[in-house]
Structures are given as C-alpha cells and as structure tokens.
Amino acid sequence: MPYVNIKVTDEGVTPEHKQQLIEGVTELLYQVLGKPHATTFVVIDEVNTDNWGVAGTTVTALRQASSSEPQ
C-alpha cells in the first residue's frame, strides 16, 4: 500500500495539475513496482510560501527579491 506525499508551494496549482500528479504518480508506481492503483494513496499538501524556506530565507522573500531584480 504505497503512500506518496507531494508538497508544493501554494502558487498556481490548479485542480487539473493535482489530478495529473495523482494519476502520474499512481501509474509510475504501477509501472515500476507493480503496485495496484486501488491501493496507492497520493496526498498533495500546498504550503504557503511564508512557511517554506530555502537557504535561510522564505520562498516569499526569495520571490520578491527575484521580481525586483532588473531583467
């Protein structure tokens, strides 16, 4: 009974994206490990960018800094 937990930031993940992720992961586990679709669980957690940090900085701050840089 595989359990897969996908964590993504809460920026623009549509219901269609989520469906594609669930279908794709389920199929991958079937193809690679032979795990039945009916017993594969996929959970998607959307995390606010204020609650996700990289290199000591929140993703919110990183996004703001990169958007203010000259192109």
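In which strand does Phe41 lie? Phe41 lies in strand β2. Helices (H or I, at least four residues) and strands (E, at least two) are DSSP runs, numbered from the N terminus.

This is a predicted model, in which local features need pLDDT of at least 70 and side-chain atom pairs count only at pLDDT 80 or more, while totals for chains, interfaces and linings use all residues. Residues are numbered from 1 along each chain as its sequence is written, and side-chain values use heavy atoms, with hydrogens and water left out.

**Surface patch**

Phe41 is partly exposed, at a relative accessible area of 41%. Buried means under 20% relative accessible area, exposed over 50%, and partly exposed in between (1.4 Å probe, protein chains only). Together with Met1, Tyr3 and Val43, Phe41 forms a nonpolar patch on the surface, with about 460 Å² of accessible area. Patch residues have over 30% relative accessible area and no salt bridge; like charges are joined within 9 Å, nonpolar side chains (Val, Leu, Ile, Met, Phe, Trp, Tyr) within 5 Å. The areas come from the Shrake-Rupley method with a 1.4 Å probe; for residues, only the protein chains shown count as cover.

**Salt bridges**

Searching the whole structure gives 3 salt bridges. The criterion is a side-chain nitrogen of Lys or Arg within 4 Å of a carboxyl oxygen of Asp or Glu.

| Pair | Closest N and O atoms |
|---|---|
| Lys7 and Asp45 | 3.2 Å |
| Arg63 and Glu11 | 2.9 Å |
| Glu46 and Lys18 | 2.7 Å |

Lys7 and Asp45 form a salt bridge. This pair links distant parts of the chain: Lys7 sits in strand β1 (residues 3–9) and Asp45 in strand β2, 38 residues apart. Lys7 is partly exposed at 48%, and Asp45 is partly exposed at 27%.

Arg63 pairs with Glu11 in a salt bridge. Arg63 belongs to helix α2 (residues 59–68) and Glu11 to the loop between β1 and α1, 52 residues apart. Relative accessibility is 42% for Arg63 and 38% for Glu11.

Glu46 bridges to Lys18. Strand β2 holds Glu46 and helix α1 holds Lys18, 28 residues apart.

**His37**

His37 lies in the loop between α1 (15–33) and β2 (41–47). His37 is partly exposed, at 38%. Not counting residues up to four places away in sequence, His37 touches Thr26, Glu27 and Tyr30; contact means heavy atoms within 4.5 Å. The His37 side chain also makes a polar contact with the Glu27 side chain (2.8 Å). Such a contact is a pair of N or O atoms within 3.5 Å; within protein, one must be able to donate a hydrogen and the other to accept it, and residues adjacent in sequence count only if both atoms are side-chain atoms.
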